Amino acid sequence: MMTRIHRIFVHLMLGSAICCSVETVGQDFEISAGIGFPDVPNVGLKILNETVSFGFAYGFVPNNDIRTINLDLGFFYGKQAKNAEARKSVFRTVFTHYREETERRIFNHSYLTFRVGWNYFFTSQFGLNLEGGISVEVGENIISKDGTVPTNFNFVYDNVFPSLSIRFFYRI
């Protein structure tokens, strides 16, 4: 069941990416680095135009076995920034796959996050993005390495928690 849910989200995001990439031929790309929860420290790439963005980010915790893969779809709204030809406000949906490996277990979690954020432009290309919202855990799989019976939930909707993100970005 969990793999089916993952496939549905990935197909929706990839479909959105194709639509967005067709619409943004000759438009902007964004390179970013930031930190968030549940996305951990990450680096990413986005394709964007005036109203829509699609992005991919890879997150990792140095000196630890925590990794994340993030797919996001954002919609810009509101007024344009004073020193850039872009809108300041964004609504973003992020699908995060979180994996942590310890000596005894492998933890796999999937989150669906809804955030509202603001872009602050220092120049017309360089800026800071602040976002906040809620995350919902939509999948959990714990694999035991030592032969004990793991706690294994395939599909849950009972974990809702706040989500925050801060990123520096550069638009090409």
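In what order do the elements of the protein chain run from the N terminus on? They run α-β-β-β-β-β-β-β-β.

**Figure 1. The whole predicted model.** This is a predicted model: local features need pLDDT of at least 70, side-chain atom pairs count only at pLDDT 80 or more, and totals for chains, interfaces and linings use all residues. Residues are numbered from 1 along each chain as its sequence is written, and side-chain values use heavy atoms, with hydrogens and water left out. The protein chain has 1 helix and 8 strands. Helices (H or I, at least four residues) and strands (E, at least two) are DSSP runs, numbered from the N terminus. Of the 172 residues in the protein chain, 44% are buried. Buried means under 20% relative accessible area, exposed over 50%, and partly exposed in between (1.4 Å probe, protein chains only). The protein chain exposes about 9500 Å², and carbon and sulfur atoms supply 63% of that area. Accessible areas come from the Shrake-Rupley method with a 1.4 Å probe; for residues, only the protein chains shown count as cover. Contact means heavy atoms within 4.5 Å. Among contacts in the protein chain with a separation of 6 or more, 55% are between residues 24 or more positions apart.

**Figure 2. The barrel.** Here 8 strands close into a barrel, in the order β1-β2-β3-β4-β5-β6-β7-β8, with antiparallel pairing. The twist from one strand to the next averages 25°. Axes are lines fitted to C-alpha atoms, for helices over the stretch in contact, and angles run from 0 to 180 degrees between N-to-C directions. Two strands pair if DSSP finds at least two bridges between them.

Figure 3. Strand β5 (residues 87–101) and strand β6 (residues 105–121) run antiparallel and are joined by 13 bridges. Phenylalanine 91 stands opposite valine 116 in β6. Next comes the pair β6 and β7, antiparallel over 17 bridges. A hairpin of 4 residues joins β6 to β7. Leucine 112 has valine 136, in β7, as its bridge partner. β7 and β8 are antiparallel too, over 11 bridges. Glycine 133 has serine 163, in β8, as its bridge partner.

Figure 4. Side chains of opposite charge can pair when their charged atoms come close. A salt bridge is a side-chain nitrogen of Lys or Arg within 4 Å of a carboxyl oxygen of Asp or Glu. By this rule the count comes to 10 salt bridges. One of them joins glutamate 30 and arginine 167, with the closest N and O atoms 3.2 Å apart. The pair links distant parts of the chain: glutamate 30 lies in strand β1 (residues 28–37) and arginine 167 in strand β8 (residues 160–171), 137 residues apart. Are the two partners buried or exposed? Glutamate 30 is buried, at 2% relative accessible area. Arginine 167 is buried as well, at 6%.

Figure 5. Lysine 46 and aspartate 72 meet in a salt bridge (3.3 Å, N to O). This pair links distant parts of the chain, with lysine 46 in strand β2 (residues 42–48) and aspartate 72 in strand β4 (residues 66–80), 26 residues apart. Lysine 46 counts as buried at 6% relative accessibility, and aspartate 72 is buried at 5%. Glutamate 131 forms a salt bridge with arginine 115, the closest N and O atoms being 3.6 Å apart. Glutamate 131 lies in strand β7 (residues 126–144) and arginine 115 in strand β6, so the pair ties together parts 16 residues apart in sequence. Glutamate 131 is buried at 5%; arginine 115 is buried at 3%. Salt bridges that share partners join Asp39, Lys46, Asp72, Arg92, Arg115 and Glu131 into one network.

**Figure 6. Serine 165 and its surroundings.** Serine 165 lies in strand β8. Its relative accessibility is 7%, so serine 165 counts as buried. Neighbours within four places in sequence aside, serine 165 is in contact with Ile35, Gly36, Arg115, Asn129, Leu130 and Glu131.

**Figure 7. Backbone features in two loops.** The peptide bond from phenylalanine 37 to proline 38 is cis, with omega near 15°. Proline 38 sits in the loop between β1 and β2. Valine 40 lies in the loop between β1 and β2. Valine 40 is not a glycine, yet has a positive phi of about 50°. Valine 40 is buried, at 11% relative accessible area. Asparagine 63 is found in the loop between β3 (52–60) and β4. Asparagine 63 has a positive phi of about 60°, although not a glycine. Asparagine 63 is exposed, at 86% relative accessible area.
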